[in-house]
Amino acid sequence: SNDSGNDNGANTDSETEKDGLKIVIISSPSGVDDRSFNQNNYEGILSFIEEHPNATVKDIKEPTGDPAAGVQAVADVVADYDVIVTPGFQFAGISQLAVENPDKQFILIDSHPAEVDGQTEFENVYAMTFAEEESGFLVGMAAALETKTNKVAVVNGIAYPSNVNYQFGFESGVNYVNKVYGKNVEIVELAGYAGTDVTGADVGGNYAGDFADEPTGKVIGNALIEQGVDTIFIAAGGTGNGVITAVKESDKDVKIIGGDVDQWEDGVNGSENVILTSALKVMDLNVERSLNAIVDGTFEGANVLLKADTDSTGYVKEEGRHQLSEDTISKIDEAYDLMQSGEVEPASNFNGHTPESFPGL
Amino acid sequence: MSDYIVEMKHITKRFPGIVANDDVSIGIKKGEIFALLGENGAGKSTLMSILSGMYEPDEGEVYIRGEKVQISSPNHAAKLNIGMVHQHFKLVPDYTITENIILGIEPMKRFAGIFPYVDIQSANRKIEELSKSFGLEVDPKKRITDLTVSMQQRVEILKVLYREAEILIFDEPTAVLTPQEIEFLLDIIEGLRQGGKTIILITHKLDEIKKVADRCAVLNKGKLIDVLDVKETSTNYMAQLMVGREVSFESAKTPAQMKDEVLKVENLTVKNEDGFEVVKDVSFSIRGGEIFAIAGVADNGQVEIADAIAGLTKVSSGKILLNEQDITDERIRKRTEAGISYIPEDRQSVGLILDFDVATNLALKQYYKEPFSRNGILNKEEFDQFGNRLIEKYDIRSGQGIQTQVRSMSGGNQQKAIIAREIELQSPLMIFVQPTRGVDIGAIENIHKMMIQERDKGKAILLVSLELDEIMDVADTIGVIYNGRLQKVASSESLTKNEVGEYMMGAKHG
Amino acid sequence: MMDTVIIDGLSFALPLFIIAIGGIYSEKSGITNLALEGFQGFGAFVGALSAVLIAHTSGIGVEHLFYVALLFSMIGGMMFSIIHAVLCIKFKADQVISGVVINILALALTTFLTAQINVLVFGQASDRFQLGVSDRFTIEFLANIPVIGAAFTNIYPFEIIIVIIACFAWYLLYKSKFGMRLRAAGENPHSVDAAGVDVSKVRFSAVLISGLLSGLGGMCFAYSISANFSSSIYMGYGFLAIAALIFGNWKILPTLVACLIFGFAKSGGSAIAMVMELPSSFTDLFMTLPYVLTLLLLIFFSKSNRAPRALGEIYDKGKR
Amino acid sequence: MDKDKRKLNLSKIIFKPIRNEKWQPITIPVVSIVISFIAAAIVILLIGKNPLQAFYNLLQGAGIMPKPAYAGYKSMLTDFLSLLNAMTPLVFASLAVAVALKAGLFNIGVSGQMLVSGFIATIIVGYSGLDAIIAKPLVLVVGFITGGLVGGLVGWLKYRFNINEVVSTIMLNYTAQYIISFFIQMYYIDPLSRQSKYVSEEARLTLVNVEMANLKMDIPLGFILAIVVAILLKFLLDRTVVGYEIKAVGANRKAAKFAGINVGKNMVLAMVISGGLAGLAGVTYYLGYYASIQPKVLSSMGFDSIAVSLLGNIHPIGIIFSSFLVSIIDQGSTYMSSQAGIRQEIASVIIGLILLFSACGAYLKHKASQLKEKNVDRKERRS
Ligand SMILES: Nc1ncnc2c1ncn2[C@@H]1O[C@H](COP(=O)(O)OP(=O)(O)OP(=O)(O)O)[C@@H](O)[C@H]1O
Ligand SMILES: Nc1ncnc2c1ncn2[C@@H]1O[C@H](COP(=O)(O)OP(=O)(O)OP(=O)(O)O)[C@@H](O)[C@H]1O
Ligand SMILES: [Mg+2]
Ligand SMILES: [Mg+2]
């Protein structure tokens, strides 16, 4: 799947039409077919190409996952493309290359560019981050509304801001349901897996301490199930797969809420599916938007935090890819509107609110 | 023609840098004992390895019972009823005797009628019977690691007999045995022949050939010199043919000129790994200009005494003094420097580094000293010069001079290299453990000469040997060991061979 | 808590054990085998691929193909081990280099092929083959025994299969004539050769068995950890198996003990972390438990350890 | 008959160049590499791409051949320098494996030793704010000593308790990985990169973004050191008493003991040197090529270096060449992936194939000598 569209090698067609952008996506070791984060970005590019058939994309995998190696990989190929799409925090360092290559456009996802000579915004870098707490909030509501045992939990990787945002958002959502709809849903936290965020503060939650440790994910999953939890939100990268396995193996009726992208496929369990819904970062749409901006000439470098107001956060309610009740969906959508308008503002790692007290609660 | 059961015609076999067999033709009659004689590296083992399917010849043909065959594997040889008792035993150390013997032709039984398993029980029984019927009693359940060398050899012989071999090849079977054991083995061989088997015997010992063999082929540097009728040939002539010159059997030994005491061993006790006392309260001393020989049946503690003196084994009690200096707890290197040369029993795994070249091996005891190295830096030219000098002086034969990998040298030449290295150390005390084992008579003569020469230079020499003849020939003083204790220490003139033999068997106490 | 330790510990220890047995076969025959990691990964790859392919073509749900996947993983591991066998035996390659290279190749090939096949055959970009989770069952009357009862609770079917195969492997290695020759080949190949047995054949079979068993172990890991195949199967468990078999002195039963120690120390580490109620960052410290424990135990138990005498030596008839 | 002849011809082509025994240490790897590239070419053909272009792209990406276009401030030189930068730790790591092998020990724990040294050097020097003049040499010293201690521990465990070094190094690898991950996560994390905080420029062994002639290049200071160390090591092994003893211990422990060599001391010493070299690999990796440490990740270099070391015939100078080759493929693979559309994994497959074929060096040698014998025979028969 290295080539896509009508590409025959990026260096062959020297005369590109105006919209014949040469795009490259450089991904972390999991690659653009990870059915998750990277793939979602890649799909954004693909759907752009569908509209602009002269554009081409090449995908390149950086095999170590090290930020320096990521930047080196970009440096190796930057000369040959017009647009460089880099999903992931590993690529924050491309700002240096952006300065050195002012004729190239960079789209950086889920990270802000690293500082270069005191500068943090760059005219040829469009860096997008997402308000994870919003998506977390929505699925927190979903969990609280759908739970039968009245016990829910969130499993994370490491307490980096993006993860804490998800966690706080989720907890905000649960609390919101408890308050607004009078439920009494408990958020289960396993002692021994509390997270310590980047400032050193204890944020609680269930942190596996790793984004790629499936066995630990499974241990946590099993422990939660044993405590009677029946809805688990996973925002833990590969570690989440372990939780899914634990749920599938369990003979209890437990559901998973996916993170980042629609994880419906991962939930297939025989004739059933364990995915309740998924919290979304709408990256594909935003990548496509920026590519379009490049074609339109409206592209501008910026560091933006994307929120519900641009439909950049959300949850899966597409027919056949979730198991939420009508009622739940309508309740969530109500809250979604409030969030879009800013009336509800769930807690995030650093926005000063807590899951127990945030605007709109 | 057809009275030959084995015929090898125009056999040539080359190894890199050497023609091991050069157009050799021999024929062996059914029911005879046929001996192969030749210096180290003459090509005896190679020729027999061809017959037993280990090697394929580069040229030449082999006929068995008149039929031309190409013996492609030991298995094939076994089918032709040829079996070889290798000098270097091919045994699995951790297996029992039975397991070793049945390996490859295991008798099977079924468990619950389904699962086949190796039927050790019945094999044990069968081997016990077999061993009795040939007078080779063994305990089939013993592990090889617990056996003496001569017992291991019995296992090798039993292996061949178990496979119903008709043609038995023995490669230097007596090299590792005591005189009594040799007697015994020769009787067995004679018995086998009477039982209708054909025997090929490789040995360096002319008296053995004289005693049992009918005919004898002499090889020299890969070529067949002659095939002799043993009855009608003198041992002297055989030796001459083999070495290509006159050999003197009398050691030209002058009386010893003994000087000051060099080595003193007091109440030495040594335990083996299992905590068993193998040397018990042994005391003796050796003076400069004296050859002190320890006589004894294998595994009576003599090697451990030598090892303890050289520092290879720990002493559990007692004292060792070298030139009045207490070395009981010194490290090996210190002892070497204090003046000990040591020719170990196991030349391949202790005496040499087989993957290194000759020059490097010859410098193994001196590399860290001037002129071989200075301030920790080696001087390669010195290594080469030294190597070349020793090769010359001690007639060490190797394919590519000092650069030859020691692994590819014949056993006799490996031994020469060790002896050369140790003599060159000029130590006041020299320990020789089985120095002539597996070495041809020409070389034996040389080694004995060298020992006496060193003695005459005033060295103290400790000789550990299983060969009674050797001990009687060269020793000035003989200590006889039995069961870890020195039974008797006396000057060699005052003892007869028979007496020594009796002490060795524990039949007589001093 | 204790139950979880036992249940998780066993489901980790047994696949490790079967891979280690594979290693024992190979090394007992004299062939150093660092390639276990690659074998288990490639085996799991073939097993998972077969299951998804069969599911795709026949319409049977992939969750029903558990045993099919196990079977094919053995075939796959064995196929891949041919490389090691040919290199080490026929081409007299350095056994260490061969093992290392096979691991590199296995990771590269399976990652590449998984992506390629997903696109070409299933028309869907993915870096893994999704399997159904394995059933787990409980042997009721045994499960009620205090403490040990946990060993009969929530068992994966593969645990039973591994126990059965391990018994057979034990029998084959120590009681059959093949096993006798195999062990002899690793101690003194010349003796085997002189006995008219083809050393190469014995060693070849031994390596293939190691591939077969490792493949099975890999598939079990794939099922017990995430019920899919992806490159995350290469977690170093093959090397852990090597450590276990050396710890076990190249003998099957002591190796089982070593694997159980690993398994229980691993699940025990997680349990302790939970009991201690320290923040998640401290789990890293508890994760070291199996490894540190092993080292400590080795200090007491490895005095008499001894590798097969001819291990790693290229067999050459002429050489002694 | 015809087939036989063809077979003979083919083997002539392969074996003729390697018949001269004196040159075999060089000719055999070269022939194996050529064969493996042929095999790799077949693989690339099978996936429908042009192998020549792919190989050329590899060379371009590694800075051996010019690319058609360069990004700002980049040129073939900068690419080449970054090749050397990446190659430096690999040379050290492979030398580490080689020294241990010479002593008959199998250091499978190079990556763990790298990690420990890199970490200790990072927290002692990397965050210290010392001047470059002091910091850079200090990093090397700390790296060598730390690695040496870890290696020495392995040697000591082996000597004192008979703990197989393969097991102890595997265990230490995991232990180091988790413990260091713990400390990084607790005290040294950079939340943006999710790795340890970057070390200071002063402590870094690679001069980064050096501007010269409108180029920005990374100059690996450790590279020169790597070459010097390789030569020193060669000298140490071949020309010194220490080397002699280490090799003797490696070749035959019993005989070495008999010769008065202190076997235990030499095993520990060899492991100290090996670990020390791994430590240098660690600091040139974590404080050179990179400037921080990824938690819970062991570099794959530990295993690659085993293969590279054997590919280089366990010979220090050979190792320089084998590291160079493997680094080219590693470094060029991103560009190859971009240009030829060949997935990154194929680069690993190519490396695997090269190593695979070079593993068969002994076989080639054996075949060559067989052929030689046959030729001698034929000649003799003729005359
Ligand atoms: N496999 C081999 N490779 C290389 N050279 C060999 C090999 N086998 C034997 N040789 C050489 O061939 C020559 C003949 O060896 P062989 O062992 O047949 O002699 P031998 O007569 O048995 O000597 P000895 O009396 O020492 O046992 C020797 O020079 C030996 O080094
Ligand atoms: N692979 C080899 N390469 C070179 N030479 C070898 C090789 N294998 C054996 N040899 C030599 O060839 C000879 C054949 O071995 P054999 O079994 O006859 O031992 P031997 O010569 O009788 O030993 P010894 O003289 O020590 O009793 C030996 O001398 C040995 O050193
Ligand atoms: Mg011989
Ligand atoms: Mg001999």
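**View 1. The interface of chain C and chain D.** In this predicted model, chain C brings 46 residues into contact with 43 residues of chain D. About 4000 Å² is buried between chain C and chain D, and carbon and sulfur atoms account for 79% of that area. Nine residue pairs are in polar contact across the interface of chain C and chain D, both residues of each pair being at pLDDT 80 or more. At least two residues of the side of chain C that touches chain D come from each of helix H3 (66–90), helix H4 (95–120), helix H10 (237–247), helix H12 (283–287) and helix H13 (289–301) of chain C. H4(C) provides the largest share of this side, namely twelve residues. Sorted by class, the side of chain C that touches chain D holds 32 nonpolar, nine polar and five charged residues.

**View 2. The salt bridge between chain C and chain D.** One salt bridge is counted between these two chains. It joins the side chains of C:Asp284 and D:Lys296, with an N to O distance of 2.9 Å.

**View 3. The packing of H13(C) on H7(D).** Helix H13 of chain C packs against helix H7 (residues 165–188) of chain D at an angle of about 145°, and the two axes lie 8 Å apart. The crossing of H13(C) with H7(D) is left-handed. From H13(C), the contact is made by C:Tyr291, C:Val292, C:Thr294, C:Leu295 and C:Leu298. H7(D) contributes D:Val167, D:Ser168, D:Met171, D:Leu172, D:Tyr174, D:Thr175 and D:Tyr178. Of the residues in this contact of H13(C) with H7(D), nine are nonpolar, three are polar and none is charged.

**View 4. The interface of chain B and chain D.** Here 29 residues of chain B and 22 residues of chain D take part in the contact. Chain B and chain D bury about 2300 Å² between them, with 59% of this area on carbon and sulfur atoms. On the chain B side, B:Arg14, B:Tyr367 and B:Leu378 lose the most area to chain D, and together they make up 22% of what that side buries.

View 5. Seven residue pairs are in polar contact between chain B and chain D, with both residues at pLDDT 80 or more. Two or more residues of the side of chain B that touches chain D are given by each of helix H10 (332–339), helix H11 (347–351), strand E20 (377–378), helix H13 (380–394) and helix H14 (411–424) of chain B. H11(B) gives the most to this side, with four residues. The side of chain B that touches chain D comprises 16 nonpolar, six polar and seven charged residues.

**View 6. A salt bridge within chain B.** B:Arg14 and B:Glu59 form a salt bridge in which the closest N and O atoms are 3.3 Å apart. The pair links distant parts of the chain, 45 residues apart: B:Arg14 belongs to strand E1 (residues 4–15) of chain B and B:Glu59 to strand E4 (residues 59–64) of chain B. B:Arg14 is also among the residues of chain B that lose the most area to chain D. Over all chains, a search of the whole structure finds 54 salt bridges.

Note on methods. Residues are numbered from 1 along each chain as its sequence is written. Chains are lettered from A and ligands numbered from 1 in the order in which they are written. This is a predicted model: local features need pLDDT of at least 70, side-chain atom pairs count only at pLDDT 80 or more; totals for chains, interfaces and linings use all residues. Side-chain values use heavy atoms; hydrogens and water are left out. Contact means heavy atoms within 4.5 Å. Buried area is the accessible area (1.4 Å probe) that two parts lose on being put together, summed over both. A salt bridge is a side-chain nitrogen of Lys or Arg within 4 Å of a carboxyl oxygen of Asp or Glu. A polar contact is a pair of N or O atoms within 3.5 Å; within protein, one must be able to donate a hydrogen and the other to accept it, and residues adjacent in sequence count only if both atoms are side-chain atoms. Ala, Val, Leu, Ile, Met, Phe, Trp, Tyr, Cys and Pro count as nonpolar, Asp, Glu, Lys and Arg as charged, and the others, Gly among them, as polar. Axes are lines fitted to C-alpha atoms, for helices over the stretch in contact, and angles run from 0 to 180 degrees between N-to-C directions. A crossing is left-handed if the near helix is turned anticlockwise from the far one by less than a right angle, and right-handed if clockwise.
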